[in-house]
Amino acid sequence: MTHTIKTVGVAGSGTMGAGIAIVAARAGFRTIVYDTRADALERSRKQTEGFFAKSVERKKLTQPQVDGMLASLSGTTEVGALADCDVVIEAVFEDLKVKHELFARVNQVCPPHTLFATNTSTLSITEIAAGSGRDDRFVGMHFCLPAQLMKLVEMSPGLNTGEAAFEAAWQFCKALGQTPVRTKDNPGFILNYFLIPFNNDAIRLVEAGVAAPADIDRAIKTGLGYPLGPLELIDMVGLDTQMLVSEALYASTHDPRAKTPPLVRRMIAAGHLGRKSGRGFFTYQGSAMFGA
């Protein structure tokens, strides 16, 4: 892996993809966000602009810095636009088939040197890589929500990942200003191995009527020192995504605590998906990105 990484592709413009794109653009990389839906790209762009505006207001960045970052950040619905990328980070649904189909398309347009990465939180890196067409140049890069604020990235090689490719990804992660931690290709890696069952337990407390969501979050933040309560986090992730990651982890581990609580399915059926729908465990005004 001798190519210098200059251009970053992000596949998926949802909550996680938008956050990863901010991280890349903020670090000085030309960043291209790909999504099949133009409306999703437009929503992501507006949220990103709002986040950067708040960063200027808080004196974290200057307006000239933000102008440069936004100029380096573009969106596209054409997968061919990723042909110039030196690394492509996938941030789409936790569905193996969807990821395989995406990487198969990206593999057709990207040159051999392009490094592929998946932001999966629960699926096997090796299994995703198997459908990529370049499993020797494929790594797991699991960013943490909200990616634009959290520094941790769990870095996981697949069974066929070359050491040179993994080292290139590791150095790229550091160049992003993130903190990489190496993990095995294991269900949930480190963070979600603990977090998904923990969050489901918080949902079960709501389900059982033990306490209101705000009181559960207040207890966790006050007693354990967490900056964000589990129910706030689930609203940020999205109830639909929480169900997907829970089912993926449960399928791999058969841990009953990983299984989706019934309340999640009822909330999804009612359209209470969290921040993106305006209502989850809490009610939201507008669709501003967390931190904006």
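This is a predicted model: local features need pLDDT of at least 70, side-chain atom pairs count only at pLDDT 80 or more; totals for chains, interfaces and linings use all residues.
Attention may now turn to the surface. There, a nonpolar patch is formed by Ile190, Leu191, Tyr193 and Phe194, which together have about 400 Å² of accessible area. Phe194, a member of this patch, is located in helix 7, the segment of residues 191-207. With a relative accessible area of 59%, Phe194 counts as exposed, because the limit for that class is over 50%.

Helix 7 also contains a charged pair. Arg204 and Asp201 both belong to this helix and stand 3 residues apart, about one turn of the helix. Their side chains meet in a salt bridge, with an N to O distance of 3.3 Å. Arg204 is partly exposed at a relative accessible area of 25%, and Asp201 is likewise partly exposed, at 26%.

Helix 8, made up of residues 213-224, holds Asp215 and Arg218; because these two are 3 residues apart in the helix, about one helical turn separates them. They form a salt bridge in which the closest N and O atoms are 2.5 Å apart. Asp215 is partly exposed, with 41% relative accessibility, and Arg218 is also partly exposed, with a relative accessible area of 47%.

A further salt bridge joins Glu232 to Lys221, and here the closest N and O atoms are 3.1 Å apart. This pair links distant parts of the chain, since Glu232 lies in helix 9 (residues 230-237) and Lys221 in helix 8, 11 residues apart. Glu232 has a relative accessibility of 23% and counts as partly exposed; Lys221 is partly exposed as well, with a relative accessible area of 30%.

Salt bridges can also be connected to one another. In this model, Glu90, Glu94 and Lys99 are linked in a network of salt bridges. Across the whole structure, a search finds 14 salt bridges, among them the bridge between Arg204 and Asp201, the bridge between Asp215 and Arg218, and the bridge between Glu232 and Lys221.

Conventions:
Residues are numbered from 1 along each chain as its sequence is written. Side-chain values use heavy atoms; hydrogens and water are left out. Patches are made of residues with over 30% relative accessible area and no salt bridge: like charges are joined within 9 Å, nonpolar side chains (Val, Leu, Ile, Met, Phe, Trp, Tyr) within 5 Å. Accessible areas come from the Shrake-Rupley method with a 1.4 Å probe; for residues, only the protein chains shown count as cover. A salt bridge is a side-chain nitrogen of Lys or Arg within 4 Å of a carboxyl oxygen of Asp or Glu. Helices (H or I, at least four residues) and strands (E, at least two) are DSSP runs, numbered from the N terminus. Buried means under 20% relative accessible area, exposed over 50%, partly exposed in between (1.4 Å probe, protein chains only).
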